[in-house]
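This briefing concerns strand pairing and a metal site. Please consult the sequence and the structure shown here alongside the points that follow.

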Amino acid sequence: MTTASEIRIAPSILSADFARLGEEVAAIDAAGADYIHVDVMDGHYVPNLTIGPGVVKALRPHSRKVFDVHLMISPVDPFIEAFANAGADIITIHPEAAPHFHRTLQAIRALGKKAGVALNPGTPTDVLDHVMPLVDLVLVMTVNPGFGGQAYISLPEKIIDVRRRIATMGRAIDLEVDGGITPETAKEAIKAGANVLVAGTAVFKDGPARYADRIRAIRGG
Ligand code: DX5
Ligand code: ZN
């Protein structure tokens with residue numbers, strides 16, 4: 001199991017104050033965030049609309065931390081380059097939104113970015129079978145994508161399965177869990193093998209004075 005010092009916390013800015021997004025990114029950076037998780041939604045692949053590459057570009061000067069961009073958009077291929085140019089470090093896609101997702105992963109890496117694959121709660125892990133050599137991050141969704149503030153769907157066997165697949169690759173690949181993460185659910189996900197925890201509501205809900213405490217509590221240290 002991963003120890004607290006190896007756990008990375010990726011606050012989802014979906015739960016931040018959108019009127020003050022640059023300050024919010026700087027505040028979670030200062031509070032100990034490891035990655036800045038950016039949820040991009042298109043009102044088509046998921047039933048919600050959020051932000052595009054212009055906002056990512058505008059936020060980029062507010063933090064030097066890893067920008068972890070989670071694309072819930074279909075089609076996704078026409079937008080990969082724009083997010084790469086905007087300053088994304090990791091670009092994660094959903095296979096359902098990219099019919100030739102092997103090629104999409106190749107395209108992300110060709111732009112010099114890390115490539116992630118997100119698995120919805122109902123998506124089996126065997127979609128990873130032939131793409132692991134192209135993958136730098138596997139995101140196990142513990143809610144159905146579209147909204148913050150949903151209840152955690154417990155999938156420990158799935159996280160264990162992904163951890164086993166990563167172990168066979170012999171290189172660093174992140175196992176990220178996203179949706180309904182709290183200090184309590186984080187424990188279960190970490191025990192199953194997660195090393196990156198996305199949290200929106202649980203980081204932002206009590207305002208900036210609590211960001212550092214919240215991040216520390218989710219990290220478990
Ligand atoms: C859901 C998003 C998540 C979400 C997490 O589609 O991918 O990142 O914002 O929010 P919480 O932590 O509130 O479940
Ligand atoms: Zn997300």
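Two strands pair if DSSP finds at least two bridges between them; strands (E, at least two residues) and helices (H or I, at least four) are DSSP runs, numbered from the N terminus. The model is predicted, so local features need pLDDT of at least 70 and side-chain atom pairs pLDDT 80 or more, whereas totals for chains, interfaces and linings use all residues. Residues are numbered from 1 along each chain as its sequence is written, chains are lettered from A and ligands numbered from 1 in the order written, and side-chain values use heavy atoms, without hydrogens and water.

**Strand pairing**
- Strand S7 (residues 174-178) pairs with S8 in the parallel sense over three bridges, and Glu176 has Val196 of S8 as its bridge partner.
- From S7 the chain passes through helix H6 (residues 183-192) to S8 in a right-handed β-α-β crossover (clockwise from the first strand over the helix to the second, with the strands pointing away from the viewer).
- Strand S1 (residues 8-11) runs parallel to S8 and is joined to S8 by four bridges; Arg8 is partnered with Val196.

**Zinc site**
- His37 (NE2), Asp39 (OD), His70 (ND1) and Asp178 (OD) coordinate the zinc ion (ligand 2) at 2.0 to 2.3 Å (donors are N, O and S atoms within 2.8 Å of the metal, or 3.2 Å for Na, K and Ca; water is not among the atoms, so sites may look incomplete).
- His37 lies in strand S2 (residues 35-41) and Asp178 in S7, so the pair ties together parts 141 residues apart in sequence.
- Both His37 and Asp178 are buried (under 20% relative accessible area, 1.4 Å probe, protein chains only).

Notes: Buried < 20%, exposed > 50% of the residue type's maximum accessible area, 1.4 Å probe, protein only.
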